[in-house]
Amino acid sequence: MALSSASFFSFEPPPSSLSYLFIIMSELYTLEERSAEYENYSKTSSQYDATRVEVGIEFMTAAFASVGPMAKLNLLDAGCGTGSYIDAFRGKVQGVVGVDLNQGMLDQAERKFQDDPNVTLKQGSLVDIPCEDNQFDAAMCNQVIHHLAEGEGEERFQGIQKLADEVFRVLRPGAVFTLNLSTPEQTEDGFWWASLIPDAVEFMTKRCPNVSELHEMLSNAGFTIIQTTALKDEVLQGENYLDPRGPLKSEWRDGDSTWSLVSESELSTAMKFVEEMNSDGKMPSYIDDREQRRQQVGQTTSILALKAE
């Protein structure tokens, strides 16, 4: 999910008209457009549900049930995408509001939930969530925060901090927030194919805060950290994940953001390697070796945080 330019940019009037024009153009080149370079979700949204599965459902269910009877809960899905996580909970809670910036994703979600009066979808930025203070009993944010990172400097996670602040604002006292992400270590070792595209993976790790950094951001927002768990037995691509020829298929690659960062030359090299390894019968052992690493670190981590009363 991308940051909105109105929420992020702040400029002083520049001294020269040329500089002024440059800055105005920079403002128009919004963070949503920058995110589109990173992952064109308007394009991939139509295939997204076929290439991804929900992870951490058991973790979230226990977290939400700790607040009170689930049938009475109002739930926020921050960065709802096509609504796969909404679908997992909409029959269990009183109501769900899904917020996403990408209209292509929301179009897919709207088709799913058009006849469900208990689901509300809103287009908006996660750094300026279009909801009221103290509105929700629980919130979830799944595999989204790496889209909020900006640049490579010390301030690159300020969008994630703003998300934490905004979620804290819209939750009532006593509510909970669950967050699922891939840490830098998991991004490198939690996916068998990561070693095929080292440049893209290195770039992605810079967009992913580690657990201690995320704990600090949540604490800064006012949350109390309750639980942090690496989900070692769940994979984001489900049954498709171990496809030895998967990297050769564009629809398979669309199942993970990291592939959108791959250059043409790196993709060509990776595809050639995969073709040769499959032809030589060596791919199963290659995957098995890489999977030993995933079994140690997992693909994702779930965090439970509380807005204390």
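Analyst: The model is a predicted one. Its largest nonpolar core has 43 residues, and those touching the most other members are Phe64, Leu75, Trp192, Trp193, Leu196 and Ile197. Two or more residues come from each of helix 5 (57–65), helix 6 (84–89), helix 7 (103–113), strand 4 (136–142), helix 10 (198–205), helix 13 (264–279) and helix 14 (283–297). Helix 5 gives the most, with four residues.

User: What makes a set of residues a nonpolar core?

Analyst: The members must be buried residues of kinds such as Leu, Phe and Trp, joined through side-chain atoms within 4.5 Å. In soluble globular proteins, nonpolar side chains tend to be buried together.

User: Which residues does leucine 75 touch?

Analyst: Leaving out residues up to four places away in sequence, leucine 75 touches Phe64, Phe89, Val93, Gly95, Val96, Val97, Phe136, Ala138, Ala139 and Met140. Another core lies apart from the largest one; it has 33 residues, including Ala149, Leu163, Ala175 and Met217.

User: Why is valine 96 called buried?

Analyst: Buried means under 20% relative accessible area. Valine 96 has 1%, so it is buried. The residue belongs to strand 2 (residues 95–100). Its contacts, not counting residues up to four places away in sequence, are Leu75, Ile86, Arg90, Asn118, Val119 and Thr120. Proline 117 is 21 residues from valine 96 in sequence, and their C-alpha atoms are 9.7 Å apart.

User: How many disulfides does a search of the whole structure find?

Analyst: The search finds zero disulfides. To count, a pair of cysteine sulfur atoms would have to lie within 2.5 Å. Two of the cysteines can still be placed by accessibility: cysteine 141 is at 0% and therefore counts as buried, and cysteine 208, at 6%, counts as buried too.

User: What is said of phi at asparagine 134, and is the residue buried, partly exposed or exposed?

Analyst: Phi of asparagine 134 is near 55°, which is a positive value in a residue other than glycine. The residue sits in the loop between strand 3 (119–123) and strand 4. Partly exposed covers the range between the 20% limit for buried and the 50% limit for exposed. Asparagine 134 has a relative accessible area of 44%, so it is partly exposed.

User: Where is glutamine 143, and why is it called buried?

Analyst: Glutamine 143 is in the loop between strand 4 and helix 8 (158–170). Its relative accessible area is 11%, under the 20% cut-off, so glutamine 143 is buried. Its phi is near 55°, a positive value in a residue other than glycine.

User: What makes the pair of phenylalanine 168 and phenylalanine 223 edge-to-face?

Analyst: The structure holds 10 aromatic pairs. In this one, the ring centres of phenylalanine 168 and phenylalanine 223 are 5.1 Å apart and the angle between the planes is 90°. Phenylalanine 168 is in helix 8 and phenylalanine 223 in the loop between helix 11 (211–221) and strand 6 (224–231), so the pair links distant parts of the chain, 55 residues apart. Phenylalanine 168 is at 22% relative accessibility and therefore counts as partly exposed; phenylalanine 223, at 4%, counts as buried.

User: Why is the pair of tryptophan 192 and tryptophan 252 called tilted?

Analyst: The planes of tryptophan 192 and tryptophan 252 are at 50°, with the ring centres 6.2 Å apart. Stacked needs under 30 degrees and edge-to-face needs over 60, so the pair is tilted. This pair also links distant parts of the chain, 60 residues apart: tryptophan 192 in the loop between helix 9 (184–189) and helix 10, tryptophan 252 in helix 12 (residues 250–253). Both tryptophan 192 and tryptophan 252 are buried.

User: How do you know that the charged end of lysine 307 sits over the ring of phenylalanine 168?

Analyst: The charged end of lysine 307 is 4.6 Å from the ring centre of phenylalanine 168 and sits over that ring. The distance limit is 6 Å, and the charge must also be within 35 degrees of the ring normal.

User: How many helices and strands does the protein chain have, and what share of its residues is buried?

Analyst: The protein chain has 14 helices and seven strands. Of its 309 residues, 51% are buried.

Conventions:
Residues are numbered from 1 along each chain as its sequence is written. This is a predicted model: local features need pLDDT of at least 70, side-chain atom pairs count only at pLDDT 80 or more; totals for chains, interfaces and linings use all residues. Side-chain values use heavy atoms; hydrogens and water are left out. Buried means under 20% relative accessible area, exposed over 50%, partly exposed in between (1.4 Å probe, protein chains only). Contact means heavy atoms within 4.5 Å. Rings of Phe, Tyr and Trp (its six-membered ring) pair if their centres lie within 6.5 Å; planes under 30 degrees apart count as stacked, over 60 as edge-to-face and the rest as tilted.
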